[in-house]
Amino acid sequence: MDIKQNLDNIKSQLPKHVTLVAVSKTKPISDLKEAYNAGQRIFGENKIQEMASKFEQMPKDIKWHMIGHVQRNKVKYMAKFVNLIHGVDSFKLLKEINKQAEKHNRTINCLLQIKIAEEDNKFGMSSKDALALLRSEEFLNLKSVSITGVMGMATFTDDNDQIKQEFTRLKIAFEELKTIDDSIKNLSMGMSSDYKLAIDCGSTMIRVGSSIFGARIHTKQ
Ligand SMILES: *Cc1c(COP(=O)(O)O)cnc(C)c1O
């Protein structure tokens with residue numbers, strides 16, 4: 001795997017308004033360093049402790065994105081450094097992130113995860129719940145979190161029409177939420193297999209792992 005070449009190749013195809021998150025989960029530090037040396041500064045991980053350990057070992061100008069499902073009791077391990085949490089799917093979780101951010105005297109940026117896939121094994125809230133959350137008094141009282149957008153994952157399928165439908169649904173939710181909150185700017189959708197389609201459907205942030213670092217050895221996540 002030539003990580004630099006893969007990165008250059010992907011970046012050369014991206015419109016200016018699309019941010020690339022290099023998903024380095026399960027990959028060794030040496031691979032992350034290669035991407036870093038090729039200029040990559042945004043890395044995505046899906047396990048909090050793995051991300052915290054990589055944070056300790058890597059240069060400090062990296063922006064770390066938590067892209068996986070977040071357990072409330074682990075927020076404390078990333079609160080001092082995480083740059084963006086993609087998978088916020090409940091008010092309870094948001095409250096815990098706010099509490100931990102306060103302890104470190106910072107504001108943590110979050111995306112609300114919206115469930116767009118038909119599959120049952122994907123996390124997320126409905127767009128209606130997301131709207132209600134943004135409008136709620138309790139949310140307005142949380143001073144140490146900022147919701148800067150939404151994130152979604154399409155069904156794992158070869159059916160491009162279905163993926164396109166799901167991405168379009170998320171784009172519509174994004175546009176709707178934007179009208180009630182100016183902080184909403186990021187639409188995180190698209191992975192190695194579907195990022196081109198995601199960009200066509202309005203994505204502003206893609207999360208790409210295997211097309212940069214090569215296939216992962218299969219683990220549960
Ligand atoms: C692993 C992962 C990705 C990247 O997947 P690839 O297919 O390797 O690009 C993107 N988003 C989330 C939420 C992931 O867990």
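Helices here are DSSP runs of at least four residues, numbered from the N terminus. The model is predicted. Eight salt bridges are counted in it.

- Lys54 and Glu50 form a salt bridge, with their closest N and O atoms 2.8 Å apart.
- Both residues lie in helix H3. They are four residues apart, about one turn of the helix.
- Lys54 is buried, at a relative accessible area of 5%.
- Glu50 is partly exposed, at 23%.
- The pair belongs to a network of salt bridges that links Glu45, Glu50 and Lys54.

**Salt bridges between separate parts of the chain**

- Lys80 forms a salt bridge with Glu56, and the closest N and O atoms are 3.6 Å apart.
- Lys80 sits in the loop between E3 and E4, while Glu56 sits in helix H3, so this pair ties together parts that are 24 residues apart in sequence.
- Lys80 is partly exposed, with a relative accessible area of 47%.
- Asp61 forms a salt bridge with Arg41, where the closest N and O atoms are 3.1 Å apart.
- Asp61 is in the loop between helix H3 (48–57) and strand E3 (63–66), and Arg41 is in the loop between helix H2 (29–37) and strand E2 (42–45), so the pair ties together parts that are 20 residues apart in sequence.
- Both partners are partly exposed: Asp61 has a relative accessibility of 44%, and Arg41 has 29%.

- Asp89 lies in the loop between strand E4 (84–88) and helix H4 (91–103).
- Asp89 is buried, yet it has no salt bridge.
- The nearest side chain of opposite charge is Arg72, 8.0 Å away. A salt bridge needs a side-chain nitrogen within 4 Å of a carboxyl oxygen, so Arg72 does not qualify as a partner.
- Leaving out residues up to four places away in sequence, Asp89 touches His69, Phe123, Gly124 and Met125.

**The ligand site**

- A polar side-chain atom of Ser192 is 2.5 Å from a ligand oxygen atom.
- An N or O atom in the side chain of Arg207 is 2.9 Å from a ligand nitrogen atom.
- Ser210 takes part through its backbone: a polar atom there is 2.8 Å from an oxygen atom of the ligand.

- Leu7 is in helix H1 (residues 3–13).
- Leu7 is buried, with a relative accessible area of 0%.
- Beyond residues up to four places away in sequence, Leu7 touches Leu20, Ala35, Ala38, Gln40 and Ile212.
- The C-alpha atoms of Leu7 and Ser211 are separated by 8.3 Å, although the two residues are 204 residues apart along the chain.
- His65 is in strand E3.
- His65 is buried too, at a relative accessible area of 2%.
- The side chains of His65 and His86 are joined by a polar contact of 3.0 Å.
- Apart from neighbours within four places in sequence, the contacts of His65 include Val21, Ile42, Phe43, Gly44, Glu45 and Met51.
- His65 is also in contact with Asn83, Leu84 and Met205.

**Backbone angles**

- Most residues other than glycine have a negative phi.
- Thr26 is not a glycine, yet has a positive phi of about 70°.
- Thr26 lies in the loop between strand E1 (19–23) and H2. Thr26 is partly exposed, at 39% relative accessibility.
- Asn105 also has a positive phi, of about 60°, and is not a glycine.
- Asn105 is in the loop between H4 and strand E5 (108–113). With 73% relative accessibility, Asn105 counts as exposed.

Conventions
Residues are numbered from 1 along each chain as its sequence is written. This is a predicted model: local features need pLDDT of at least 70, side-chain atom pairs count only at pLDDT 80 or more; totals for chains, interfaces and linings use all residues. Side-chain values use heavy atoms; hydrogens and water are left out. Helices (H or I, at least four residues) and strands (E, at least two) are DSSP runs, numbered from the N terminus. Buried means under 20% relative accessible area, exposed over 50%, partly exposed in between (1.4 Å probe, protein chains only). Lys and Arg count as positive and Asp and Glu as negative; His and the chain ends are not counted. Contact means heavy atoms within 4.5 Å. A polar contact is a pair of N or O atoms within 3.5 Å; within protein, one must be able to donate a hydrogen and the other to accept it, and residues adjacent in sequence count only if both atoms are side-chain atoms.
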